[in-house]
Amino acid sequence: MILPIVAYGDPVLRKVGIEIDKDYPNLQELIANMKETMHNAHGVGLAAPQIGKAIRLFLVDATPFADDEDLSEKERAFLKDFKHVFINPKILKEEGDEWPFNEGCLSIPDVREDVFRQEQITIAYQDENFEKHTATINGLAARVFQHEYDHIEGILFTDKLSSLKKRLIKKKLENISKGKINPEYRMRFPNLKK
Ligand SMILES: [Zn+2]
């Protein structure tokens, strides 16, 4: 089932998510619905707050980047399989130089800006079966993880912009929260005036 994606301005996007365990109600169904919702919106990641649940869960599917001709063969091969469910994830270490990438967000349609993040992260997480894993990832895979991880901390990529950039997009963000946009997927707007 495709779930409505919560738009910028909804307080749920500002909550720090709580950890979950395998008794969380209808978890497998929730994960399946989130996958469908992410693919329908052509997203490479979707975090639970974006469908209205302040819990520490997000999905990524970076496989669309595997077709990016600008990437090395090695990076493309890695991204082709970078499709995961992350439950109760942690960033254990962030290292390397900060690099810019033009980010967007399904909760903030039609806004894209360069965001600087560190190159490489070491992470710990549980998968959809609550098996524990650790991994070190870099480049675009790390980028997508960092963006989604911010969501479960109540942080949005627009928070990371310069004050000048923030002023420039302020009106656009207000319009999004009021539903004055035409997204290509189902959304829920906090300040919709009927
Ligand atoms: Zn996002």
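Take Cys105 first: at 9% relative accessibility it counts as buried (under 20% relative accessible area, with exposed over 50% and partly exposed in between; 1.4 Å probe, protein chains only). Before going on, note that this is a predicted model, where local features need pLDDT of at least 70, side-chain atom pairs count only at pLDDT 80 or more, and totals for chains, interfaces and linings use all residues. Residues are numbered from 1 along each chain as its sequence is written, and side-chain values use heavy atoms, leaving out hydrogens and water.

So what does Cys105 hold on to? Its SG, together with NE2 of His147 and NE2 of His151, coordinates the zinc ion at 2.0 to 2.3 Å (donors are N, O and S atoms within 2.8 Å of the metal, or 3.2 Å for Na, K and Ca; water is not among the atoms, so sites may look incomplete). Cys105 lies in strand β4 (residues 83-105) and His151 in helix α3 (residues 139-152), so this pair ties together parts 46 residues apart in sequence. Helices (H or I, at least four residues) and strands (E, at least two) are DSSP runs, numbered from the N terminus. His151 is buried too, at 1%.

Strand β4 also carries Asn88, which is buried at 7% relative accessibility. The Asn88 side chain makes a polar contact of 3.0 Å with that of Gln126 (a pair of N or O atoms within 3.5 Å; within protein, one must be able to donate a hydrogen and the other to accept it, and residues adjacent in sequence count only if both atoms are side-chain atoms).
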